[in-house]
Amino acid sequence: MIVQGLRISVALGLLFAPCVASAQQLDNSQIMSTLAQMKSAAPVVDVALLVEEANANVGKGVAALPNWSKLSELSQLIVEIDFENNSTAIEPKSYRTVGLIADALHHPDLFRYKFLIVGHSSATGSAKHNLELSQKRADAINEALSTTFAVSPDRLFSVGAGEEWPIDPGHPESADNRRVQLINLGLLK
């Protein structure tokens, strides 16, 4: 069975080169220090508008769109999560990583924040299929965190970006573009 890796890298903004952390190197303190970095009040991000913009701009990119550009201002985490090929089934070996993320989200320093899970894909299939698959994979991470690991679903939101926001725009089919980001959206209200 072919496994497609999703990368989630540590970044303060999407315009900077991410520091990729493999599942073997990732620990709770790295997750905490990355996601707890809030320079100031987080900009208001409307997840429904992100979904609407992504669906309306299939094949056109989303990074420069008004609501998507706000995400680059927020603290983010990118780690490796593996899924079965063309599937939303999280590989068993990746549950350790999802568990580490859940442990961090349960920590008192992050417990009062809400998070956006953004799914990404490479450009190996049709843009519409990649958008749908990336949304389903973001939803799968959301479900695993909220059901298996008991993170309050009120703190988690998910959106798919498909191939529209590549981390390596010069190589759209690169596996580096298949990733999931966890973004701190700010305090719960």
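Mentor: A contact means heavy atoms within 4.5 Å. Keep in mind that this is a predicted model: local features need pLDDT of at least 70, side-chain atom pairs count only at pLDDT 80 or more, and totals for chains, interfaces and linings use all residues. Residues are numbered from 1 along each chain as its sequence is written, and side-chain values use heavy atoms, with hydrogens and water left out.

Trainee: Which residues does Ser-146 touch, not counting residues up to four places away in sequence?

Mentor: Ser-146 touches Val-151, Pro-153 and Leu-156. Ser-146 itself lies in helix H5 (residues 127–148).

Trainee: How many helices and strands does the protein have?

Mentor: Helices (H or I, at least four residues) and strands (E, at least two) are DSSP runs, numbered from the N terminus. This protein has five helices and six strands. From the N terminus on, their order is β-α-α-α-β-β-α-β-α-β-β.

Trainee: Is Ser-146 buried or exposed?

Mentor: Buried means under 20% relative accessible area, exposed over 50%, and partly exposed in between (1.4 Å probe, protein chains only). Ser-146 has a relative accessible area of 17%, so Ser-146 is buried. Across the protein, buried residues make up 49% of the 189 residues.

Trainee: Which residues of helix H1 are buried?

Mentor: In H1 (residues 28–35), they are Ile-31, Met-32, Thr-34 and Leu-35. Their cover includes strand E2 (76–78), helix H4 (95–106), strand E4 (113–120) and E6.

Trainee: How many aromatic pairs are there?

Mentor: A pair of aromatic rings is described by the distance of the centres and the angle of the planes. Rings of Phe, Tyr and Trp (its six-membered ring) pair if their centres lie within 6.5 Å; planes under 30 degrees apart count as stacked, over 60 as edge-to-face and the rest as tilted. By this rule there are two aromatic pairs.

Trainee: Why is the pair of Trp-68 and Trp-165 edge-to-face?

Mentor: The ring centres of Trp-68 and Trp-165 are 5.3 Å apart and the planes stand at 85°, so the pair is edge-to-face. The pair links distant parts of the chain, 97 residues apart. Trp-68 is in helix H3 (residues 66–69), and Trp-165 is in the loop between strand E5 (156–162) and strand E6 (180–187). Trp-68 is buried at 0% relative accessible area. Trp-165 also counts as buried, at 7%.

Trainee: Where does Arg-155 lie?

Mentor: A charge sits over a ring if NZ of Lys or CZ of Arg is within 6 Å of the ring centre and within 35 degrees of the ring normal. Arg-155 lies over the face of Phe-111, at 5.1 Å from the ring centre.
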